[in-house]
Amino acid sequence: MVRTDAPVVVADAGPLIHLDELDALDVLADFPEVWVPEDVWSEVALHRPQALRHSGIRLVRHEASPISARMNAIAALYSLHRGERAALALCLEHSIGTLLADDTAARLAATSLNLVTHGTLGLLIRSVRRGLRSPTEVLALLNSIATRSTLHIRPSLLDDVIRQVQREWNDPSA
Amino acid sequence: MSNLIQAEIPDGLLQQANALVSQGWASNVQEVVNESLRRYLESHQDVLAERFVRDDVAWALHGED
């Protein structure tokens, strides 16, 4: 049974695209809603339209939020894309405290706004704690990131993360 | 020291860069490209990216939501 004590979150394009590339969008299944601003929706529709048709997750398409002067300044400071700016604005407008994003600059900007951010890697690993995926499945997904997804992560860091979660999950191959 | 590289830039971005130059916000397109690259590199430092990944893994393993 899917647990539902997770918060409503706002998603940038990265995690939606990368998780779909890995055929792992189901790791978002326990979020009551995943809000997607119009600019992000358009970006995902352009690059990975099938990600928006996943039946097991509750994606909610949102019209553009008003962009304040402060938000425009932050977007310029961190060189954010339209979608990233829209996602941050949606978080602020509706007091949603969690943004799903992979881009470092977007995550830095979100942190400056006191928002919590989580990325593809964290969402995959979390799915074990939430009972959505098995450790074996997630380890296989982590090991396939370089070949199956467009997520960019330094290989030595990914290897280190994989060893860390293997130890945590008492994987005998660790 | 400067280095010469060749890169393709989408029409839309080049038009915006040219507009900045013609409006007097930059001396030339090269300055816009250099400034853009510098800002991108500043906000995508390896140490920052790694910190976000490690924080995320800690939450993923031991968080509550």
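This is a predicted model: local features need pLDDT of at least 70, side-chain atom pairs count only at pLDDT 80 or more; totals for chains, interfaces and linings use all residues.
A:I153 is found in the loop that joins α7 (135-148) to α8 (155-168) in chain A.

## Helix pairs of chain A

Two packed helices are described by the angle between their axes and the distance between the axes.

| Helix pair | Angle between axes | Axis distance | Handedness of crossing |
|---|---|---|---|
| α2(A) and α4(A) | about 140° | 7 Å | left-handed |
| α3(A) and α4(A) | roughly 140° | within 10 Å | right-handed |
| α6(A) and α7(A) | about 165° | 8 Å | left-handed |

Helix α6 of chain A covers residues 120-129, and its axis makes an angle of about 165° with that of α7(A). The two helices are therefore roughly antiparallel, since an angle over 145 degrees counts as such. From α6(A), the residues A:L121, A:L124, A:I125, A:S127 and A:V128 meet A:P135, A:V138, A:L141, A:L142 and A:I145 of α7(A). By class, this contact comprises 9 nonpolar residues and 1 polar residue, with no charged residue.

Helix α2 (residues 38-47) of chain A packs against helix α4 (residues 82-93) of chain A, their axes being 7 Å apart. The orientation of α2(A) and α4(A) is therefore oblique. On the α2(A) side the contact is made by A:D39, A:V40 and A:E43, and on the α4(A) side by A:R82, A:G83 and A:A86. These divide into 2 nonpolar, 1 polar and 3 charged residues.

Helix α4(A) also packs with α3 (residues 69-77) of chain A, the axes crossing at roughly 140°. Here A:M71, A:N72 and A:A75 of α3(A) meet A:R85, A:L88, A:A89 and A:L92 of α4(A). The classes in this contact are 5 nonpolar, 1 polar and 1 charged.

## Salt bridges

Side chains of opposite charge can pair when their charged atoms come close. Over all chains, the whole structure holds 14 salt bridges. One of the pairs is A:E38 with A:R61, whose closest N and O atoms are 2.9 Å apart. This pair links distant parts of the chain, with A:E38 in helix α2 of chain A and A:R61 in strand β3 (residues 59-62) of chain A, 23 residues apart.

## The contact between chain B and chain A

The size of an interface is often given as the accessible area lost when the parts come together. For chain B and chain A, the area buried between them is about 2300 Å², of which 57% is on carbon and sulfur atoms. Chain B contributes 20 residues to the contact, and chain A contributes 31 residues. Within chain B, the residues that lose the most area to chain A are B:F52, B:L61 and B:D65, which together account for 27% of what that side buries.

Between chain B and chain A there are 4 salt bridges. The side chains of A:D160 and B:R54 also meet in a salt bridge, at 2.6 Å from N to O.

Definitions and conventions
Residues are numbered from 1 along each chain as its sequence is written. Chains are lettered from A and ligands numbered from 1 in the order in which they are written. Side-chain values use heavy atoms; hydrogens and water are left out. Axes are lines fitted to C-alpha atoms, for helices over the stretch in contact, and angles run from 0 to 180 degrees between N-to-C directions. Helices (H or I, at least four residues) and strands (E, at least two) are DSSP runs, numbered from the N terminus. Angles under 35 degrees count as roughly parallel, over 145 as roughly antiparallel, 65 to 115 as roughly perpendicular and the rest as oblique. A crossing is left-handed if the near helix is turned anticlockwise from the far one by less than a right angle, and right-handed if clockwise. Contact means heavy atoms within 4.5 Å. Ala, Val, Leu, Ile, Met, Phe, Trp, Tyr, Cys and Pro count as nonpolar, Asp, Glu, Lys and Arg as charged, and the others, Gly among them, as polar. Buried area is the accessible area (1.4 Å probe) that two parts lose on being put together, summed over both.
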